[in-house]
Amino acid sequence: MKITVKKLASGMLAAALIFALALSMSACGKSDTSSTDTSTANTSSVDTSSALKRVYECLIKEDSEYSEFKGYYAESLPDVKFEEKLEDTKITISASGSEYAEGTWDFVLDGDYLTINVNQDDFMGAMMVSNVASAIGDYLGMDRDLLTGYLNGMGILDYENTDYIIKQDEATGTYTFKLNITKPYEMKELDQMVIDKALLSDYEPLSEESSSIMFTIGKVSMSVNGSADELTVLLREYGQLDEVALKSVVNAISYFKPKGYENFVADFTKIEEVETDGYKVSLRVDDETLEDSVFQKDEKYSFMMVTFGGE
């Protein structure tokens, strides 16, 4: 079986965000979000020094994404040691003990933003961006999974946004990330984040060989398992299934082209349960199916499964 995990964001950040998708959400208290100013200057009424301290507390708390990340390394590479430090205007994270985890990453307070420069091949730095973004989300009361998908989508689609800013310096091979810490992100681009041909273009066509593929963007995640003869597409969407889910599943099946896909693409024009000789659409995905998939049962998601071939 061929297993593929698509990297869907700028540089190595994609792997970090996909990794983060699997981690659960835990709130870290309410924040002061009275400001509506989105400029890069510190013109909001939020005390950013206090916000920085709260973000740090959310970062190092026991059930944070960062703590779970460190737990993963403690099991797989026990010689790796991490250290976190809070200063007046920055959060510093250091790692040592292995060539795979070595470095220091400074998240510097710049106005309303935490800012960091990451080399394009620095996987661990990308993971630290994901971990700190999760801590900001916890502090500001944002759902961790939704935030992960949103930031992933922002990296893929290159949207301009004043909450989350990515700038690439091709000359130096670095990315600058700026994350607002003063207010919850509007995420108004979520309904534009659809799985489409452009996102799938790096995949090979289906064949007799079985493949397993998983990707996420915005509020939609999808796993594709099987071959051209027998294929299962499992999609989950944050909240209720809507046009984003409809377009995403039609685009994916149109791209992968399992046997009988033509009728599905032509006839599946609204979210509903359907069973034909060629395919079946189910909106009631049982617990056993979810347990065998990459997804977990979660009331905040709605699910859809489309199968081709087989019994």
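I count a contact when heavy atoms are within 4.5 Å. This is a predicted model, so to speak for local features I need pLDDT of at least 70, and side-chain atom pairs count only at pLDDT 80 or more, while totals for chains, interfaces and linings use all residues. Numbering runs from 1 along each chain as its sequence is written, and side-chain values use heavy atoms, with hydrogens and water left out.

A nonpolar core here is a set of buried Ala, Val, Leu, Ile, Met, Phe, Trp, Tyr and Cys residues joined through side-chain atoms within 4.5 Å; buried means under 20% relative accessible area (1.4 Å probe, protein chains only). The largest one has 80 residues, and Phe107, Leu114, Tyr185, Val249 and Phe264 touch the most other members. Helix α4 gives the most to this core, 10 residues. Helices are DSSP runs (H or I, at least four residues), numbered from the N terminus.

Which residues of α4 meet α5? I found Ala133, Ser134, Gly137 and Asp138 of α4 against Arg144, Leu147 and Leu151 of α5.

I looked up Helix α3 (residues 65–76), which packs on α4 at about 145 degrees with the axes 8 Å apart; axes are lines fitted to C-alpha atoms over the stretch in contact, and angles run from 0 to 180 degrees between N-to-C directions. On the α3 side I noted Glu65, Tyr66, Phe69 and Tyr73.

Definitions and conventions
Helix = DSSP H or I, 4+ residues; strand = E, 2+ residues; numbered from the N terminus. Buried < 20%, exposed > 50% of the residue type's maximum accessible area, 1.4 Å probe, protein only.
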